[in-house]
Amino acid sequence: DALEVKYPVGTIIEESEVKSITDFGMFVDVNMGIDGLIHISDISWNKKVANPAEKFKKGDKVKAVVLGIDKQAEKFSLGVKQLERDPWENIKSRYRVGQTVEGLVTKITDFGAFMELEEGVEGLIYVSELSEQRVDKPADIVKLGEKVRTEILSIEPKERRISLSIKQLGRSEERASYESYVGDKNKKTSMGDLLGDKLKN
């Protein structure tokens, strides 16, 4: 009861000492003889943390925000990532389907390659979208750390998923070049006709 009064949801606790670290999170001392849990999913927006020990160690002082208090279950939940803006917030105001984007390849898997659009936001280029030709190994087409240009196929903010395509970008640029060529050709033809008419006159 006293904890709920002192630390209501949304309160930022400046310094809590890490008491223990587990595979699913870490427990921090919030005084009053109570430990709060920072779940592994509440450590970072943009980096998949396999184990909290990657970023913290016992005895560290951490800053966290109160996420929830369950008096019946005697659980006190805290978060670290909530102190920062979620990079996926308003993602559709910054990116759109059909847009050309450029970024570095951050990870290569059997099913495709991940490309960083901005800090905390990655898109996936499926293996079928890497090239017009059949691709067996994504690593044959792109390299880790390589800068690539792609086209956005879809944006799914709730799933935190953006689909990208090198293949589609090539098609779009080819079509744009063709339309530009046809447009120029038509202009030349019409200009020639106009000049011909003037000469006749």
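What follows is a set of questions and answers on this model.

Reader: How many helices and strands does the protein have, and what pattern do they follow along the sequence?

Author: This is a predicted model. Its secondary structure comes to two helices and ten strands. Read along the sequence, the pattern is α-β-β-β-β-β-β-β-β-β-β-α.

Reader: Is the protein a compact globule or more spread out, and what is its radius of gyration?

Author: For 201 residues the globule rule gives 17 Å. The value for the protein is well over that, so the protein is more spread out than a compact globule. The C-alpha atoms fill a box of roughly 100 × 40 × 25 Å along the principal axes. The radius of gyration is 27 Å.

Reader: What percentage of the residues count as buried?

Author: A residue counts as buried when its relative accessible area is under 20%. The protein as a whole exposes about 13100 Å², and carbon and sulfur atoms supply 49% of that area. Of the 201 residues, the buried part is 33%.

Reader: How far apart are the mean positions of the positive and negative charges?

Author: The protein has 33 positive and 36 negative charges.

Reader: Which side chain of opposite charge is nearest to Lys81?

Author: Lys81 is found in the loop between β5 (75–79) and β6 (100–109). Leaving aside neighbours within four places in sequence, its contacts include Ser41, Ile43 and Trp45. Lys81 is buried yet has no salt bridge; a salt bridge needs a distance within 4 Å. At 4.2 Å, the nearest side chain of opposite charge is Asp42.

Reader: What is the phi of Asn90, and is this residue buried or exposed?

Author: Most residues other than glycine have a negative phi. Asn90 is not a glycine, yet its phi is positive, at about 55°. Asn90 lies in the loop between β5 and β6. With a relative accessible area of 53%, Asn90 is exposed.

Reader: Where does Arg160 lie, and what is its relative accessible area?

Author: Arg160 also has a positive phi, near 55°, in a residue other than glycine. Arg160 lies in the loop between β9 (147–156) and β10 (161–165). Arg160 is partly exposed, and its relative accessible area is 32%.

Technical notes:
Residues are numbered from 1 along each chain as its sequence is written. This is a predicted model: local features need pLDDT of at least 70, side-chain atom pairs count only at pLDDT 80 or more; totals for chains, interfaces and linings use all residues. Side-chain values use heavy atoms; hydrogens and water are left out. Helices (H or I, at least four residues) and strands (E, at least two) are DSSP runs, numbered from the N terminus. The radius of gyration is taken over C-alpha atoms; the globule rule is 2.2 Å times the number of residues to the power 0.38. Buried means under 20% relative accessible area, exposed over 50%, partly exposed in between (1.4 Å probe, protein chains only). Accessible areas come from the Shrake-Rupley method with a 1.4 Å probe; for residues, only the protein chains shown count as cover. Lys and Arg count as positive and Asp and Glu as negative; His and the chain ends are not counted. The place of a charge is taken as NZ of Lys, CZ of Arg, CG of Asp or CD of Glu. Contact means heavy atoms within 4.5 Å.
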